[in-house]
Amino acid sequence: KAGQSIESNFLFYSEEMNQRAKEHLRIESELRQALQNHELQLYYQPKVSLRSGRIVGAEALLRWRHPLRGLVSPGVFIPVAEETGLILDLGAWVLEEACRQVREWRDVNLIIPPIAVNLSARQFDAELPKRVAAVLERHRVQPDQINLEITESLLVRGTDKVIDIMNQLVAMGMSLALDDFGTGYSSLAYLKKFPISTLKIDRSFVIGLPYEENDCAIARAIVTMAQQLRQEIVAEGVETAEQMAFLRELGCDQLQGYLFSQPVPAADFAAMLREGKRLAFGNR
Ligand code: C2E
Ligand code: MG
Ligand code: MG
Ligand code: MG
């Protein structure tokens, strides 16, 4: 009897794994077509300065308009793309599209703050600086108009090669932000080795502010550390006025979150810039 139940458990799990593998394959092949069929789009989420209340940046976030499934979240397809290597093509498309959009905005004399693009660790090879430079040049976009968001997994891999690639990007005039900070394994000692100018506090620590003691302690530690290292600090996932007030007290530089705006299509972001209204009121 015991053996039977183990066996049926086994069958259960393997069936589930089978389903997941099939789902994976389906997403992979559909994602390949999505690139060709122009089903991908960038949304833009503003970053707001706590000092001025103005939009001082934006993050470009990938969206997939699936013909049948509607808007598919990157949480679903980025992990598949990472695993299959398709992230290289997606990442190249994202950079190209962000630069094309910046050029389009510049051509209508819209003044736009730096736009941040997310980079996968897999994109970080020796050819990256050259590839990025070529895209910037093709669209006649200045390097300081595009920021790059990277994750801690890259630092943990932290070889001299990675540092060298980062230094090349910085030498070109780009700046690097460390995304989802606090969720990985990077320590203070790690951080100072890398030419990173901005830390983004992960949303998971912002959620509990100002009521969860642990989240408050973590947020405070991150901001203090960033200040010591003279890095800019951005909090992501800010949804409430209480969170904003706490982050202002800490001395955070920029906020990003639904309190100000969800990620929106390019035209909506441009409209927000033209309106130029203050989204937060600074008191520092
Ligand atoms: P991320 O880079 O940390 O981006 C922030 C995510 O938090 C976005 O989710 C954004 O929509 C969401 N967010 C922002 N403010 C709030 C808020 O106030 N409340 C809540 N609940 N969520 C908020 P999104 O767009 O679903 O992207 C998820 C992740 O997918 C990103 O996390 C990033 O890691 C990845 N991703 C998105 N676009 C790209 C891309 O072009 N390339 C790569 N490599 N990864 C991407
Ligand atoms: Mg990001
Ligand atoms: Mg993030
Ligand atoms: Mg995040």
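These legends describe close-up views of a predicted model. Local features need pLDDT of at least 70, side-chain atom pairs count only at pLDDT 80 or more, and totals for chains, interfaces and linings use all residues. Residues are numbered from 1 along each chain as written, chains are lettered from A and ligands numbered from 1 in written order, and side-chain values use heavy atoms, without hydrogens or water.

**View 1. Donors of the magnesium ion (ligand 2).** E59 (OE), N118 (OD1), E149 (OE) and D179 (OD) coordinate this ion at 2.1 to 2.2 Å. Donors are N, O and S atoms within 2.8 Å of the metal (3.2 Å for Na, K and Ca); water is not among the atoms, so sites may look incomplete. Along the chain, the spacing is E-x58-N-x30-E-x29-D.

**View 2. D179 between two ions.** D179 bridges the magnesium ion (ligand 2) and the magnesium ion (ligand 3). The two ions lie 3.6 Å apart.

**View 3. N118 and E149.** N118 lies in strand β4 (residues 115-118) and E149 in strand β5 (residues 146-150), so the pair ties together parts 31 residues apart in sequence. Strands (E, at least two residues) and helices (H or I, at least four) are DSSP runs, numbered from the N terminus. N118 is partly exposed, at 27% relative accessibility. E149 is buried, at 1%. Buried means under 20% relative accessible area, exposed over 50%, and partly exposed in between (1.4 Å probe, protein chains only).
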